[in-house]
Amino acid sequence: MRQLRRLGKLAWALLRELADESAYQRRLEATGRPDSAEEWRRFTEERYQARSTQPKCC
Amino acid sequence: MKLLRTFFWAAVAFAAAACLGGIALFHGERVNSVWLVVAAGCAYAAGYRFYGKFIAARVLALNDLRATPAERLRNGQDFEPTNKWILFGHHFAAIAGPGPLVGPVLAAQFGYLPGTLWIVIGAVLGGAVQDFIILFASMRRDGKSLGQMAREEIGKAGGFAALVTVLLIMVIMLAVMALVVVNALRGSPWGTFTIAATMPIAVFMGVYLRYWRPGKVLECSAIGSALLIAAIFGGRAVAVSPSLAPWFTLSAMVLAWALIVYGFLASALPVWLLLAPRGYLSTFVKLGVILMLAVGILLVRPQLQLPAFTRFVDGTGPIFAGKIFPFCFITIACGAVSGFHSLIASGTTPKMIAREGHALPVGYGAMLAESFVAIMAMIAACTLQPGVYFAVNAPAGVLGAAPEAAAATISSWGFPVSAAGMADLARDAGEQTLFARTGGAPSLALGMARIFAGGTPFGAGGRAVIGFWYHFAIMFEALFILTLIDAGTRVGRFMLQDLMGHAWEPLGRTSWMPGVIGVSAAIVAAWGFLLIQGVRDPLGGINSLWPLFGIANQLLAAIALCLATTILIKMHGLKYVWITCAPLGWLVTVTFTAAWQKIFSPTPAIGFLAQAAQLDASLRAGTAIGPDGTVHTLILNARLDAVVCGILLLLVTAILLDSLRVWVGILRGVREARLRESPFVASRLRAEEL
């Protein structure tokens, strides 16, 4: 049961990482700024800008 | 305990050998797909445990005491130490594209055995090794890209050639993937509506995330996924509506132009509006469907209907022409060895590795998982009746336009199929016809639909649910191919701007709108030209474009392996050079042979120049099929394909010669064997931070 719970936690953490939610959380912690629509926009603009220069795999 | 472990690994190795031997030697009767699953699973486990760990410990000497760039350069965003299993999933999601799904389906024309063996052996000894070593190299160099590393370790000429090669490959890849979508959607109102609906869904998600619920990506993706399912049901309603169906029943040419316009707009629109939400949705749908397919295969355990070998190993295949060697090995790239992975392994992933030891499960392990996706695609394709498989995948130019004539042609190959049976199947799938739906996507969707329908409680509904699952699979394939097209066009634009900026500085500026629009148009025009050429091709386009893509992708792998070999020579001299030289030698042999045949083969179905000469002769003799203008275009296209293939060969030859010069110099002691690694810094990362 504990193993299953651990697996579930890992899967959830992976989904949050793929969704950039963890990265956003880390940014808030690093900068000390509160969560806001403006902050999310700033975060995504930087992140998408960096990501859109990297090739996607076939 | 040690004895038990030895016994366990001996059993795994024995199971791998027995299953691979079983499917290779006893292929007179029908084989259950479980044999392939066990053979692949055990071969991957043994390869990881022995070969992967050997490379990690002895060759690369991964050191967990050495701080990785994620720790040293930690900034909470790109550089962030990440749990190894999360990073494994992240890396797998990045490398898993449509390639490992489509390639094996096309290569199944040789039978299930050649492709399966290449997928398993190629991944364990080649693909995973390439991904792992490039990831290691980038991790030791602060997350530098393949091009930067090639420039530093090999030389400026090698770095420049790598950049040009990547750009060319990107253009070919975008064209061939767009052609797969066009062939899957032409004449299909259900499929076209479903895919068209993904665009407003993505825009809705973009607006939702930016203005209504900023940051709630998972919540928004769940809503988007529900809307996607609703779009599939909506597509069914559209397909049976006499007034709506004609709006969504489009020809291949109209679909191709729609994709070209879409590609241009997507590369110019703000990323948050379309690209990013589509990317999230595509990633989650992709992972979910791959998981569903794995569970479905284990639950249904379907029998393989295709034989181990077909008569087309002799090179007369209707899907693509050419013998098993070299064409099987370039048709399947992403599931076995893919050069594109080296771009991902030197991109985001090396910046997130917490401990050096994690490079093994992430680099080597994720490639094995990708290879398993290719095995599942092979199983899905091979569960179709051979006659059905060839009816769907062979082009109209080979089969003939009339269903009866097409069925008779396929039956004459020894794979019985009837026009009435195909019409029933098309009705079940909600399509007007399933003849000559080249590109691999429709046959994969049919195979997946059968597995999904058989593995769910609704399986009893059988034929009634096939249509839903077929279009679910088409939606899944088209969704992430479109993601690849919009993101790829944008990346291509950045690469071309980077190159052109050397010639005229303003063109290199990503904020200068005339430059952005002009270069975007140039990239779209390049892949759009190849796409239109594929649509016009009477042999379906896949015959010429997929091998070109395979050759390009494997040549990129050769570049990555040249870099990996250079690094191994600098680290150990000749001692471990065989690890990268064996797959490099194989890839160079395969790709150079394939490229040579594609350019110079006297058989018009294979050689571009022979094809052009044949068309030219038919034009002069007045026996050409189709208007003169079209034939002139086909001649020009064939010659252009030959030139592109030749340029790729020259570029890779230049990199190979440059690498050889460096290797000989180092081994003779006349060239410095200095590795450009970042200096050692002791790790201070605590266990609870991993």
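**Exercise 1. Which residues in α13(B) meet which residues in α16(B)?** Work out the geometry of this helix pair as well, keeping in mind that the model is predicted.

*Solution.* 
- Step 1: Start with the residues. On the α13(B) side, look for B:Ile290, B:Leu293, B:Ala294 and B:Ile297. Their partners in α16(B) are B:Val373, B:Met376 and B:Ile379.
- Step 2: Sort this contact by class.
- Step 3: Turn to the axes. Helix α13 covers residues 275–300 of chain B and helix α16 covers residues 359–382 of chain B; their axes come within 11 Å and cross at roughly 60 degrees.
- Step 4: Name the arrangement. Because of that angle, α13(B) is oblique to α16(B).
- Step 5: The crossing of α13(B) past α16(B) is left-handed.

**Exercise 2. At what angle do helix α6 and helix α25 of chain B pack, and which residues make the contact?**

*Solution.* 
- Step 1: Find the helices. In chain B, α6 takes in residues 112–139 and α25 takes in residues 542–572.
- Step 2: Read off the geometry. The angle is about 55 degrees, and the axes are 10 Å apart.
- Step 3: List the contact. α6(B) contributes B:Gln130, B:Ile133, B:Ile134 and B:Ala137, while α25(B) brings B:Ala557, B:Ala560, B:Leu561, B:Ala564 and B:Ile567.
- Step 4: Count by class. Eight of these residues are nonpolar, one is polar and none is charged.

**Exercise 3. How many helices and strands does chain A have, and what is its radius of gyration?**

*Solution.* 
- Step 1: Count the elements. Chain A has three helices and zero strands, giving the pattern α-α-α along the sequence.
- Step 2: Compare with a globule. For 58 residues, a compact globule would have a radius of gyration near 10 Å, whereas chain A has 15 Å.
- Step 3: Check the spans. The C-alpha trace of chain A extends about 40 × 35 × 15 Å along its principal axes.
- Step 4: Look at burial. In chain A, 28% of the 58 residues count as buried.

**Exercise 4. How many residues of chain A are in contact with chain B, and of which classes?**

*Solution.* 
- Step 1: Count both sides. The contact joins 30 residues of chain A to 43 residues of chain B.
- Step 2: At least two residues of chain A's side come from each of α1 (2–18), α2 (21–31) and α3 (37–51).
- Step 3: Sort chain A's side by class. The side of chain A that touches chain B has 16 nonpolar, four polar and 10 charged residues.

Note on methods:
Residues numbered from 1 in each chain as written. Chains lettered and ligands numbered in written order. Predicted model: local features only at pLDDT ≥ 70, side-chain atom pairs only at ≥ 80, totals over all residues. Helix = DSSP H or I, 4+ residues; strand = E, 2+ residues; numbered from the N terminus. Rg over C-alpha atoms; globule rule 2.2 N^0.38 Å. Buried ≥ 20, exposed ≤ 12 C-beta atoms within 10 Å, placed from the backbone. Axes fitted to C-alpha atoms, helices over the stretch in contact; angles between N-to-C directions. Parallel < 35°, antiparallel > 145°, perpendicular 65-115°, else oblique. Left-handed = near helix turned anticlockwise from the far one by under 90°. Contact = placed C-beta atoms within 7 Å. Nonpolar A, V, L, I, M, F, W, Y, C, P; charged D, E, K, R; others polar.
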